[in-house]
Amino acid sequence: MVGPGSGPGDNQPLKLAGYALLSVAAVAAIVGLITLAGGRSDAPPPPAASPAPSSIAAPPPSPVPPPPPLVGASPSNQPTTTAPALPGAGLPADGAVASGGKGGYSSVRAPVRVYNNSLVKGLADRAADDMRDSGWRVEEVANYSSGNIAASTVYYRPGTSEQAAARALASSFGLRVEPRFEGIKDASPGLIVILTKDYQRR
């Protein structure tokens, strides 16, 4: 039985509203299921991509060569290491002659020839032994009979390094120092010692 004032058409809007709500709920359910299914995954995430190694290796750095020496550089511009001179360096103890300079001798150890100009027998031999003991190189011992010498003297070639050697020898043995005179000026290089009876070893 139908109540008063109601008819079969009165329930139609309510039915439509119910269907609409059911449709919205169904769509929401489907969207929720898709969201859950899409957001969940059992597969592990892909590994991070590592940079690919370069196929061409960089060459090792080449050593820098030292600069070439300067052409024509003077020795004063080059680094040098000089050992300190020892006392007595340059004066050979055995009387060896160091060559150099105009006269051929750069040290006082020039060769020596000793001559006796006295009546004292063996004077030149004794003086020669004294000089050898002091490091001088005596090359000849003999008599000098071409004239009389006033005092024991060592003679040198003027303008040569023999003068310094003559002074050193004279200082050690109490001799005079003179340039060579006419009679001996052309003799071979070296010091010439002519002794008289006044020679005494100092």
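Residues are numbered from 1 along each chain as its sequence is written, and side-chain values use heavy atoms, with hydrogens and water left out. In this predicted model local features need pLDDT of at least 70 and side-chain atom pairs count only at pLDDT 80 or more, while totals for chains, interfaces and linings use all residues.

Q: In what order do the elements of the protein run from the N terminus on?
A: Helices (H or I, at least four residues) and strands (E, at least two) are taken as DSSP runs, numbered from the N terminus. On that basis the secondary structure comes to 3 helices and 5 strands. From the N terminus on, the elements run α-β-α-β-β-α-β-β.

Q: Which residue of strand 5 stands opposite Thr153?
A: Two strands pair if DSSP finds at least two bridges between them. Strand 3 (residues 153-156) pairs with strand 4 (residues 176-179) in the parallel sense over 4 bridges, and Thr153 stands opposite Arg176 in strand 4. Strand 3 also pairs with strand 5 (residues 191-195), in the antiparallel sense over 3 bridges. In strand 5, the residue opposite Thr153 is Ile194.

Q: Which residues point the other way from Thr153 and Tyr155 in strand 3?
A: In a regular strand the side chains alternate between the two faces of the sheet. In strand 3, all of the residues 153-156 are buried, where buried means under 20% relative accessible area, exposed over 50% and partly exposed in between (1.4 Å probe, protein chains only). Thr153 and Tyr155 point one way, and those that point the other way are Val154 and Tyr156.

Q: What is the handedness of the β-α-β unit that contains helix 3?
A: The unit is made by strand 3, helix 3 (residues 162-173) and strand 4. A crossover is right-handed if, with the strands pointing away from the viewer, the path from the first strand over the helix to the second runs clockwise. The β-α-β unit here is right-handed.

Q: How many residues has the largest nonpolar core?
A: A nonpolar core is a set of buried Ala, Val, Leu, Ile, Met, Phe, Trp, Tyr and Cys residues joined through side-chain atoms within 4.5 Å. In the largest one, the residues with the most contacts inside it include Val112, Leu169 and Leu191, and the elements that give two or more residues to this core are strand 1, helix 2, strand 3, helix 3 and strand 5. A second, separate core of 7 residues includes Tyr155, Ile184, Ile192 and Ile194. The number of residues in the largest core is 22.

Q: How far does the backbone nitrogen of Val120 lie from a polar atom of the side chain of Ser118?
A: Ser118 is found in the loop between strand 1 (111-116) and helix 2 (123-133). Its side chain makes a polar contact with the side chain of Asn116 at 2.7 Å; a polar contact is a pair of N or O atoms within 3.5 Å, where within protein one must be able to donate a hydrogen and the other to accept it, and residues adjacent in sequence count only if both atoms are side-chain atoms. For the backbone nitrogen of Val120, the separation is 3.1 Å.

Q: What is the relative accessible area of Val141?
A: Val141 is found in strand 2 (residues 137-143). Leaving aside neighbours within four places in sequence, Val141 is in contact (heavy atoms within 4.5 Å) with Val114, Ala124, Asp125, Ala128 and Arg132. Val141 counts as partly exposed because its relative accessible area is 29%.
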